[in-house]
Amino acid sequence: MKLAPVLALSTLIFLSTNVLLAQQTSDEQSPEFTLNQLETAINNVFEMLDADENRSITIDEIDLLREESDESLNRDELISRSRRLGLIGHYFGTDEEIDRFEVGDTNGDGSMTQEEFDNLPANIRTHRLKLGMQALDTNKNGNVEADEFAAHLGDFDEWDSDGDGTLSRKEIAEISEFHRIQVELYRPMFERRSVIEVEYFFAEQERRAAAAEKDKTPSRRLPPIFASGSAANIDELREASKNTFELLDANNSGSITLDEIDIANELIDGEEKLPPEKLSELRRRSEVISYTFLNVTEKIDNFEVADTNHNGTLSETEFDLLSTTVRTHILQLNLDEFDQDNNGSIQLSEFSSHLDNIEEFDSDGDGAISPEEMRDVEDFRTNMDVHVYQSEAFGKAEEVQSQVQ
């Protein structure tokens, strides 16, 4: 049981809760906070992060995600951990740019082993936390003491612009590091967020379990467009598949090659260089390539794929090209799936071969595939073709209706 789905929603839930709080207090007298109240609030936060209670926060106390598993934690323990992770993110998170290869190459030998590659996400997270600690660690002893953690409160007199010894909501809103003060002052709201996150996490797990049980039926792949109840005409579906093939066959050679579908760099360059109509076509090609050639059912070993010289380590160049190399590898795998005659390219007959026997699903013989008939179709490509066909038909219908009006 991992908390990643929970943490991914942290910012959204926090902002939503903050908006609600603002709405609740908008018509009330603005609260004011003294320096003593701020010191008490931040000390409570510090104590929560100082797990061993030695008045010093170490990297081990904030690098919580290095733990193997959360399976033994109950709801209360998960809420406590979620609360700490949220605080850690606010105080020790950093957007500072880092050299990912340098961080991953832990032994500094100029290459990355399989083990170093597997540990890369954890090492990057730890490195970022250390950067966050360094920003607070003014005495440079490697830890963050209570006075360093609360050092920003030394600017209280500057924040208190009217000199009345308290901070109003208006004065707080003008503080440059408002996000830290916000956590300290509105901690009850922050703690409610942790409860919401964990409850959402458990509810989502239950929902997914129920969905997984339901998805054992043949209807699991039914395209959403079928919600309208419309059917896909078989002849038009074949024509749509042909049109898609022609879109991907950029040089009109009658076959699709790897160069014609490996267009990520072409798309990036086109954003600045191509006229709108050409850029629109390129984006359309990219969209079709994405759902046709970038779906994988087998697990890809990114390290093995990126190790292009097969020496068992990644050089900095291989690491920098990893995403491009893996993308090209996946495109090649899918191209090979279509390429029945193994000539290195895809002809129309190969591209649309999954539609050869589609009449078998037309149980009532009306020349169209209805939503009910579609439930028996397991093939992903057929489902995607129908989805695209229906989407385009829906768009054309909307266009005609707009012109009529």
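# Briefing: contacts, rings and a helix

The side chain of Arg81 reaches the backbone oxygen of Leu64 at 2.5 Å. That makes a polar contact (a pair of N or O atoms within 3.5 Å; within protein, one must be able to donate a hydrogen and the other to accept it, and residues adjacent in sequence count only if both atoms are side-chain atoms). This is a predicted model, so to speak of local features takes pLDDT of at least 70, and side-chain atom pairs count only at pLDDT 80 or more, while totals for chains, interfaces and linings use all residues. Residues are numbered from 1 along each chain as its sequence is written, and side-chain values use heavy atoms, with hydrogens and water left out.

**The whole protein**

- You're looking at 23 helices and 10 strands, taken as DSSP runs (helices H or I, at least four residues; strands E, at least two) and numbered from the N terminus.
- Out of 405 residues, 40% are buried (under 20% relative accessible area; exposed is over 50%, partly exposed in between; 1.4 Å probe, protein chains only).
- Take the contacts (heavy atoms within 4.5 Å) with a separation of 6 or more: 72% of them join residues 24 or more positions apart.

**Arg81**

- Arg81 sits in helix α5, residues 75-92.
- With a relative accessible area of 7%, Arg81 is buried.

**Glu260**

- Glu260 belongs to helix α15, residues 258-261, and it counts as buried because its relative accessibility is 6%.
- The side chain of Glu260 reaches two backbone nitrogens: that of Ala250 at 3.1 Å and that of Thr257 at 2.9 Å.
- Ala250 is 10 residues from Glu260 in sequence, with 6.3 Å between their C-alpha atoms.
- Setting aside residues up to four places away in sequence, Glu260 touches several others, including Leu248, Asn251, Arg285 and Ile289.

**Helix α14**

- Helix α14 (residues 234-248) has 15 residues, and its end C-alpha atoms are 21 Å apart, in agreement with the 21 Å it should span at 1.5 Å a residue (1.5 Å times one less than the number of residues).
- Its buried residues are Ile234, Leu237, Ala240, Ser241, Thr244, Phe245, Leu247 and Leu248.
- Those residues lie on the same side of α14, because they cover an arc of only 160 degrees around the axis (taken from the directions from the helix axis to the C-beta atoms).
- At the N-terminal end, Asn233 caps α14 with a side-chain oxygen 3.0 Å from the backbone nitrogen of Asp235.

**Aromatic pairs**

- The structure has eight aromatic pairs (rings of Phe, Tyr and Trp, its six-membered ring, with centres within 6.5 Å; planes under 30 degrees apart are stacked, over 60 edge-to-face, the rest tilted).
- One of them is the tilted pair of Phe101 and Phe319, at 5.6 Å centre to centre and 55 degrees between the planes.
- This pair links distant parts of the chain, with Phe101 in helix α6 (residues 100-104) and Phe319 in helix α19 (residues 316-320), 218 residues apart.
- Both partners are buried: Phe101 has a relative accessible area of 6%, and Phe319 comes in at 10% relative accessibility.
- Elsewhere, ring pairs join Phe46, Tyr91, Phe92 and Phe149 into a cluster.

**Ile300**

- Ile300 is in the loop between α17 (276-293) and α18 (302-306), and it is buried, with a relative accessible area of 17%.
- Beyond its neighbours within four places in sequence, Ile300 contacts Val305, Val326, His329, Ile330 and Leu333.
- Ile330 is 30 residues away from Ile300 in sequence, and 8.3 Å away C-alpha to C-alpha.
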